[in-house]
Amino acid sequence: MTTASLPPRAVLRPPAEERWADELEVLARADAEAGAEIPFGWRLSPRAVRAFIVGDEALGVTRKFYGDDPLVDRAVVTLLGRQGLMLVGEPGTAKSMLSELLAAAISGTSTLTVQGSAGTTEDHIRYSWNYALLIAEGPSRRALVPSPIYQAMESGRLARFEEITRCPPEIQDTLVSVLSEKQLMVPELGDAYRVSAAHGFNVIATANLRDRGVHEMSAALKRRFNFETVRPIADRAFEAELISRALEAELGEQRPAMSPEVLDVLVTAFADLRTGTTATGTTVKRPEAVMSTAEAVNVGVAASMSARYLGDGTVHAADIARQLVGVALKGEEDDVQRMRFYVDSVVRERARGSAQWRGFLDAARELWG
Amino acid sequence: MKGRTVTVRPAPTARPGPAERAVPPRLQRALDSLTRWGERGVHLVPVRHHSPACSLALTALLAEVRPATVLIEGPAEYTAALPALQDPRTVPPVAVLSLSGPGATYYPLAEFSPEWVALRWAGRHDATAAFIDLDAAARPSQDNGVARTLQAEYHLARSAAIAELARRLGCRDHDEVWEHLFEDRDSRELTEWRRFFTGTLAWAGLARLDADREVLDADATHAREAVMVKAIRDHLPGAGPHPGRGGASAEPRNRPEAHTGSLGAPASDGPGGLTDPGVRPGSRRGPVVVVTGAFHTLALLEALDGAPEAAWLPRPEESRGGECWLVRYDFARLDSLGGYGAGIPSPSFWARAWRARTATPGAGPGGLVTDVVLDVVAALRELGEPVGTAHAQAAVDHALGLAALRGRAWPGRTDLLDALNSCLVKDDTGVSGNLGEAVTTVFADRGLGQVPPLTASPPLVERVRREAESLRLNLTDSSERRTNLDTARNPSHRRKREFLARTRFAGLGFARQVGGADLVAGVSLGQLVEQWVYAWTPAVETVLVRASQTAPTLEALVLEHLAERLGDEPTLPELTKVLTELVVMGMDEDAARLSTSLEAAISQAGDLDELVDALHTTTTLVQGTGRAFTGALAPRLAATASTGLATAAYLLSDMAGLTDDEADVAVDTLASLRDLLTRLGPEQAGRQDVLREVEALRRNPGAPAVLAGACTGIAASTGGLPARQVSDAVTAQLCTGADPGRVAGFLVGLLRTSPDVVLHDRDTLVAVTAALTSLSEESFMAVLPDLRRGFTTLRPIETHRLAEQVAGLTGTQASEIDVVWDLDAGLAELGQHLEHQLVAGLERDGLGQWVAQ
């Protein structure tokens, strides 16, 4: 069964263009009314794309990406040109979300996506075949199975390439000719058969600095991308607001009560461990595990679920501590030591003056000794 | 504009300022008042310091209003600087400098500063001009920095209202808000000055409403505004004959000394003619233009209107005058990113924007962007980063695209930086590294302005500058330059070095030696070339201006420092160091005078180590005459050597009573003394006195063994003892049954002063070997650490040769007594890697000197 046949509410995670279809509609109407100039192949004007991502109170468009508006400007302008857009950054900094939002607003679809992995091959980037038809009819357009990038070129839309650095460099390089010549040859269908990219085609790639990084990427491919670094949110109060909103969106009516103090424990613990220092300047050992805002939301969701179904219906700091284990301890023996150090050096001190941190401390001791 | 709805995208000319939304009543009153006063011919102009947009709007205002009086925010005593500032030969960036206590305050002016535009217009159109702010000396310091600017804009940076505005507009900080709202408008729009300055008043008014009254009391904002209001009132049309001109006093009370040539000095001081502009004969009544920081305008209007808030201002202080000077300035220091907190960041960029807008034909936005991007790319290429033309083109397009997306008629600084970031950075480092450096050179270059000769800067500044230029030192900008000087063979290089050394001695911060032969430090004396670096920065001029209050010439300044250095009763090392510096500076006569004191100090020296060091230094000077003219000094210094050796002989006679620990230290001194004797040669007077005492010490059975060894070494290497007697002496000391401790001590001393005796004299080696082999295992182990220390003075090749000889004597092979470490190459590499990491770690933590030790 495809997602298209399900009503949006029933789908666990509808793509951005479905989730915010109303807002895209409002923005398109506003463009039409203002007579805004729309680039070839785009569904919205560049300013409307920007408004879709950073919000527009007057039109009732919500803000979806926080913390770096100039980055959004740069990304939109990059996509207007010939260069591809490479979003790099620590895991969990909303690179993929930003790429999805840009694709949804500019092309009306965010699903033309290649997921990079060690197993990604050239076929995933160019095209493969329906072998039954291939054997029955020989090479034909009907037997060809186009990749998301092939489809994006044909229809003049944005293609997304997630986690591009997870692919071997020689596979990444398949993109070089696509990006420079904006053409794809299909020699099996004859020497002259080629797909030329329609206006509106471009590629948004994301790369994670924790994995292989971008240093292994060939210079030829780098040259064809403009790089934008998405950084973690530095303002703790703002992060708290963001996590709270994300929990609301994730859990909706199922959300159990969580006091601001408990939320503060969640945000503070993540911020301390991510940055390696507390707000007052105490040094903390940073775990290898990713401690992004997205992970904090996951812990918040898990703690809420556990409180609702297994606890007394209220989220306590102890729930946060227990769920933190799953995030912070991903098999690195050293991370256990680092967490212990955090509990000993920071949490114990805070527990003296705060009941919430006391709860966190007690639960942490049970788990990490 | 960012943050506004897409549907109501306004035309670029209809950019509403914040004032057009819900306006706070106090701000609304000020906006109305601004218009009312303007209609009466009194134009308060709310500007941002160093804003080209404000300057363009102000230019239009001045052309239309044609004021008779132009009043400018700036210390009242700077009015005396106006003739120099209005002199056509003055080229910005320049700064008016005031000195108060240990601190220096700057009032920088660039070609695009509204204050500059106003005062130059007044000069050209014969309008009365005056600075109207509180005296520089009366302003409390905002921070602990020694250098500060008088145009700091702390309140704007701290304003919560502007921070909120930044959030809503999607701007990074208050600078980008300013740029977005005002700086990047279309040029034609900027000339609609009424609308423009209503906007700037509203913008700064929001910050003003945020500021606490107590803070404004404490930082003297209110006190300054009181002075400014009084000056404005005094100049209002119909205010009667200018009584006292507010703060703009025509005659500064503290008239400075004539030789300093400060701007407060009498008019006869220089050809520029420092007449007081306040009593300009052609002065007439008419419109008044008041150029101040926008943050003050609201308060000034309230005070002029007699609003309730006017009561917050204290009684105006009378100006006490004060000295000030005009100095060359550069954009690097004007850049608020450089830490001085005044004006908009990246002044070189705004200078280009100003020229692109004002020149005919102007370059236009595209020309400006192309120009900047190409310069950044050129700077990057110079740093070894190959950047293709395609990337430069992409960056230009990107900057223009960003400006269009953000609704800016002219691409601003942030658009350009964003474009460079997007198109030239290929990882997560952002604008840093080479790109950061390239951007800095283009956005805040180090080109210096020009001031007319002798009008505004003290003679000392000009003299030093002229001397430097006559020596062909490059002072065209404030960049650091390197020069290699062959002082031993090239007289002009030696003169250049002497000048650089004098500026160093005088503490100008202009030059320093970075390599090559260094007589003062006593290093690398074998090299021919000396390497120096120098940079003519505003800080150098500041030191010179300050110094000019007491010293008219560089020589006088050097002598002043010399007197300070010598103080009362300088130590021997200090005396020799100063003497060397005088020689390096080419000041032979002063050095000759000082050598008398040196001779006295040498004859009274009580520390042999200090004495020997001093004698080494004077010997270097005598022998290094090719590098530095010692002239008449050389014979005097040679005479010093004989006095010194006599003193050394005297001090040697006391050494027999040293403890073992003291003796260990003294051995190094004896080795150094041996070197000195070698350098001075066999004919040196006083040499025999020293050798006599050495011999006495050697024969003294009560002297520590290490000294006996050292003295035996000296006697052997200076020819005091024939070879045959040397081995006898060694044998006598090491005979069977001798105390193992004494054996070891003697050997340490001997090896330290004369390793050759052991290496080349077979009989001596036999005696040493016999003495050591006769020691019991236990005794040998006890003295082993001392022996190790003794043998470390040998070079590896010498150690190897010695091992071969010892092996021969004991009937074995050297290879058999060698300890061979069979080390895995990988392990060695790992060790080397660890050491690199350790060294890097220490250096990173600021502990590099541990490594050096």
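**Close-ups of a two-chain predicted model**

**View 1. Strands S1 and S9 of chain A sit side by side.** Strand S1 (residues 84-89) of chain A runs parallel to S9(A), and 5 bridges join the two. Strands here are DSSP runs of E, at least two residues long, and helices are runs of H or I with at least four, numbered from the N terminus; two strands pair if DSSP finds at least two bridges between them. This is a predicted model, where local features need pLDDT of at least 70 and side-chain atom pairs count only at pLDDT 80 or more, while totals for chains, interfaces and linings use all residues. As for bookkeeping, residues are numbered from 1 along each chain as its sequence is written, chains are lettered from A and ligands numbered from 1 in the order in which they are written, and side-chain values use heavy atoms, with hydrogens and water left out.

View 2. Contact means heavy atoms within 4.5 Å; axes are lines fitted to C-alpha atoms, for helices over the stretch in contact, and angles run from 0 to 180 degrees between N-to-C directions.

**View 3. A:Glu163 has a positive phi.** The value is near 50 degrees, in a residue other than glycine. Look for A:Glu163 in the loop between S5 and helix H9 (169-172) of chain A.

**View 4. Chain A meets chain B.** The contact takes 33 residues from chain A and 29 residues from chain B. About 2,400 Å² is buried between the chains, and carbon and sulfur atoms give 57% of that. Buried area is the accessible area (1.4 Å probe) that two parts lose on being put together, summed over both. A:Arg47, A:Arg74 and A:Val77 supply 28% of the area that chain A buries against chain B, more than any other three residues.

**View 5. A salt bridge links A:Asp73 and B:Arg406.** Their side chains come to 2.5 Å, N to O. The count between the two chains is 2 salt bridges, each a side-chain nitrogen of Lys or Arg within 4 Å of a carboxyl oxygen of Asp or Glu. On the side of chain A that touches chain B, the elements giving two or more residues are helix H2 (21-34), helix H3 (46-54), helix H4 (69-80), helix H11 (219-223) and S9. H4(A) gives the largest share of that side, 7 residues.

**View 6. Chain B has an open sheet too.** Here 4 strands pair in parallel, in the order S1-S7-S2-S5. Strand S1 (42-47) and strand S5 (128-133) of chain B each have a single partner strand, so one side of each is left without a neighbour in the sheet. The twist averages 25 degrees from one strand to the next. Helix H4 (residues 114-124) of chain B packs on the sheet and touches S1, S2, S5 and S7, its direction making about 140 degrees with that of S2(B).

**View 7. The peptide bond from B:Pro92 to B:Pro93 is cis.** Omega is near 5 degrees. B:Pro93 lies in the loop between helix H3 (82-86) and strand S3 (94-100) of chain B.
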